[in-house]
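Thank you for sending this model for comment. My notes follow as numbered points, to be read beside the sequence and the structure.

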Amino acid sequence: MAVFADLDLRAGADLNALRRLVENAAHLGYSVVAINHVIDFKEKKQEIEKPVAVSELFTTLPVVQGKSRPIKILTRLTIIISDPSHCNVLRATSSRVRLYDIVAVFPKTEKLFHAIDRGLGFELVYSPAIKDSTMRRYTICNALNLMQICKGKNIIISSAAEGPLEIRGPYDVANLGLLFGLSESDAKAAVSTNCRATLLHGETRKTAFGIVCTVKKPRSSEEDDSSLPACKKAKCEG
């Protein structure tokens, strides 16, 4: 069974609202969520705050619908950059950045967008599309443009929800992915396996070591026989 994730629940000053948002995500079947803190260096000199502690939200984590296990809550930092010099701020504040499980960059220009295109994941957010018809057209148009660049690969779809009414269930989001130009398999991956790949990348960044996910391949009986010495093969056949 797929493990679904929403890697963009917007952090706000109202912890009660954030708590309800996480509870709704668990009720909709999300096993993993990330609380996203967004900063824009262009607006004003902003300090990178410490992430919201899970203990501030819950003493007992909500149980995921249909899974009988608690939801996993991660932290995320999104940096809005409009100039290459903003990347230097990340280096200067690396100790605070390391407190977050996921670090994302929101480039404001096409040049910066291509500069960070190095096999990383790309995110589409859908909550603007459910707020009004104008934003819906912009969201779909931007999504289709992105599909031309990345061919539907390494895409994740998140809500960017600020309240419980702005988040949709994972199967509804996968269907929305079809509207964004994704294939059926890529749309499902955008709320499941691609999110897992993003989390593994985040773990690599935090530990400074590589993470390798291995899957043991079952061998056929013919392969097992071919690996035996001739004398043992004869005994087996006898």
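1. Of the 238 residues in the protein chain, 38% are buried, where buried means under 20% relative accessible area, exposed over 50%, and partly exposed in between, with a 1.4 Å probe and protein chains only. The protein chain holds 11 helices and 6 strands, taken as DSSP runs numbered from the N terminus, with helices being H or I of at least four residues and strands being E of at least two. Among contacts with a separation of 6 or more, 78% are between residues 24 or more positions apart, a contact being heavy atoms within 4.5 Å.

2. Please keep in mind that this is a predicted model, in which local features need pLDDT of at least 70 and side-chain atom pairs count only at pLDDT 80 or more, whereas totals for chains, interfaces and linings use all residues. Residues are numbered from 1 along each chain as its sequence is written, and side-chain values use heavy atoms, with hydrogens and water left out.

3. On confidence, the mean pLDDT of the protein chain is 80, with 74% of its residues at 70 or more; pLDDT is the predictor's confidence in each residue, from 0 to 100. Residues 208-215 stay under 50, and the model gives them 7 contacts beyond four places in sequence. Residues 230-238 are also below 50 in pLDDT, with 4 contacts beyond near neighbours in sequence.

4. How many salt bridges does the model contain? The count is 3, with a salt bridge defined as a side-chain nitrogen of Lys or Arg within 4 Å of a carboxyl oxygen of Asp or Glu. One of them joins Arg-10 to Asp-8, at 2.8 Å from N to O; Arg-10 is partly exposed at 27% relative accessibility, while Asp-8 is buried at 0%.

5. A further salt bridge pairs Glu-123 with Arg-76, whose closest N and O atoms are 2.7 Å apart. Because Glu-123 belongs to strand 5 (residues 122-125) and Arg-76 to strand 3 (residues 72-81), the pair ties together parts that are 47 residues apart in sequence. Glu-123 is partly exposed, with a relative accessible area of 27%, whereas Arg-76 is buried at 5%.

6. Lys-131 and Glu-166 also form a salt bridge, with 3.9 Å between the closest N and O atoms. Lys-131 sits in the loop between strand 5 and helix 6 (133-150) and Glu-166 in the loop between strand 6 (155-158) and helix 7 (170-179), so this pair links parts 35 residues apart in sequence. Lys-131 is partly exposed at 48%, and Glu-166 is buried at 17%.

7. Ser-31 is placed in the loop between helix 1 (15-28) and strand 2 (32-40), and is buried, with 6% relative accessibility. Leaving aside residues up to four places away in sequence, Ser-31 touches Val-3, Phe-4, Val-64, Lys-67, Arg-69, Ile-71 and Lys-72.

8. A pocket here is an open set of points, on a 1 Å grid over the protein atoms alone, where a 1.4 Å probe fits, with protein on both sides within 12 Å along at least five of seven lines; lining residues have an atom within 4 Å of a point. Its lining has 14 residues, of which Val-32, Lys-72, Cys-195, Arg-196 and Leu-199 are the closest to the centre. Strand 3 and helix 9 (193-207) are the elements that give two or more residues to this lining, and helix 9 supplies the largest share, 6 residues.
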